[in-house]
Amino acid sequence: MQAGYIVKSLKGHDAGRVYLVLAVLSADFVLLADGKYRKLENPKQKRIKHVEILSSEIHIFANDSDIRKICKQFG
């Protein structure tokens with residue numbers, strides 16, 4: 001897992017939602033944003049085992065609008 005990956009949530013109330021990985025906090029947790037419900041200022045912390053990697057290509061992001069466009073391509 002690496003920053004810039006596109007992932008899909010598998011568990012929780014957000015199951016099925018597509019996110020961009022902002023940072024890897026530890027071996028177990030990542031910070032995620034989708035640009036709409038979870039923005040750069042307030043990313044979601046989620047366990048790595050509860051997400052599925054959709055794209056291991058590194059995506060560059062600068063703002064919430066960029067993140068929304070990237071996530072929309074995969075969702």
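These questions and answers cover a predicted protein model, from its overall build to two of its residues. Residues are numbered from 1 along each chain as its sequence is written. Local features need pLDDT of at least 70, side-chain atom pairs count only at pLDDT 80 or more, totals for chains, interfaces and linings use all residues, and side-chain values use heavy atoms, with hydrogens and water left out.

User: In what order do the elements of the protein run from the N terminus on?

Analyst: The protein has one helix and five strands. Helices (H or I, at least four residues) and strands (E, at least two) are DSSP runs, numbered from the N terminus. The order is β-β-β-β-β-α.

User: What is the radius of gyration of the protein?

Analyst: The radius is taken over C-alpha atoms, and the globule rule is 2.2 Å times the number of residues to the power 0.38. For 75 residues that rule gives 11 Å, and the model's value is close to it, so the protein is as compact as a globular protein of that length. The radius of gyration is 11 Å.

User: What percentage of the residues of the protein count as buried?

Analyst: Buried means under 20% relative accessible area, exposed over 50%, partly exposed in between (1.4 Å probe, protein chains only). The count runs over the 75 residues of the protein. The buried share is 35%.

User: Is Asp 14 buried or exposed?

Analyst: Asp 14 lies in the loop between β1 (6–9) and β2 (18–24). Its relative accessible area is 2%. Asp 14 is therefore buried.

User: Which side chain does a polar contact of 3.2 Å join to that of Asp 14?

Analyst: A polar contact is a pair of N or O atoms within 3.5 Å; within protein, one must be able to donate a hydrogen and the other to accept it, and residues adjacent in sequence count only if both atoms are side-chain atoms. Leaving out residues up to four places away in sequence, Asp 14 touches Ser 9, Tyr 19, Lys 44 and Lys 46 (contact: heavy atoms within 4.5 Å). The polar partner is Lys 46.

User: How far apart in space are Gly 4 and Ser 56, C-alpha to C-alpha?

Analyst: Gly 4 sits in the segment before β1. It is buried, with a relative accessible area of 1%. Not counting residues up to four places away in sequence, Gly 4 touches Leu 20, Val 21, Glu 57, Ile 58 and His 59. Gly 4 and Ser 56 are 52 residues apart in sequence, and their C-alpha distance is 8.0 Å.
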